[in-house]
Amino acid sequence: VLLPVGYSRIERTVQLAIDMINANELNQVNLNGSKLSASFYVSDLYSPYDNFQKACKAMKEQVVAIIGPMLSGATFGAQIACSKLHMPHITPFASDISLPYSPNYSYLLRMSPISEIESYAIAAFAEYYGWNKLAILASNINFGMNTLSKLREIASNKSWKILAFELFNIDEDGKLLSIERNLQKIKSS
């Protein structure tokens, strides 16, 4: 499992799931006597190169699948190693639109929809409530930016007015920084 520094809750959650499966606490999962285990590797949240290196290190230890990294950009690096060695690769949050359409990523299982679908879902929500004015708040990482780009396109096609467009920062460890300033700007728009 490729995780950035400070993601101990995800590590504990994965380990809990493995423990429950190994203890036969989940009736719908039958491993026929096999036991699961996980190795955790600290990887850079944003760096494709670092995640490529960590995926290679994991493969040297004879893992049977890679889980992570968290973001699309870093996923590209890990997927290079996984696809070449036919290693199953599960990524929880990669939403880049190019990932499902490239033949290079045939061993990739994404757990999140592409950002374009997320944009359509947000637009459908706004349309359902009859909103034609929006304020957009998104992260400045590729996950937020991709969704935001498509949502802006949809809003333009529907002649909706975007009152505010704010990007908040995520630090290098993936932690949300203060968004108070962003919210104040939205409030005053």
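Biologist: In which loop does Ser159 lie?

Modeller: In this predicted model, local features need pLDDT of at least 70 and side-chain atom pairs count only at pLDDT 80 or more, while totals for chains, interfaces and linings use all residues. Residues are numbered from 1 along each chain as its sequence is written, and side-chain values use heavy atoms, with hydrogens and water left out. Helices (H or I, at least four residues) and strands (E, at least two) are DSSP runs, numbered from the N terminus. On that basis, Ser159 belongs to the loop between α5 (142-157) and β7 (161-168).

Biologist: Is Ser159 buried or exposed?

Modeller: Phi of Ser159 is near 60°, a positive value in a residue other than glycine. Buried means under 20% relative accessible area, exposed over 50%, and partly exposed in between, with a 1.4 Å probe and protein chains only. With a relative accessible area of 63%, Ser159 is exposed.

Biologist: What is the phi of Gln62?

Modeller: Gln62 is placed in the loop between α2 (48-60) and β3, and is exposed, at a relative accessible area of 69%. Gln62 is a residue other than glycine with a positive phi, near 65°.

Biologist: Which peptide bond is cis?

Modeller: Pro69 is found in the loop between β3 (66-67) and α3 (72-84). With omega near 0°, the cis bond is the one from Gly68 to Pro69.
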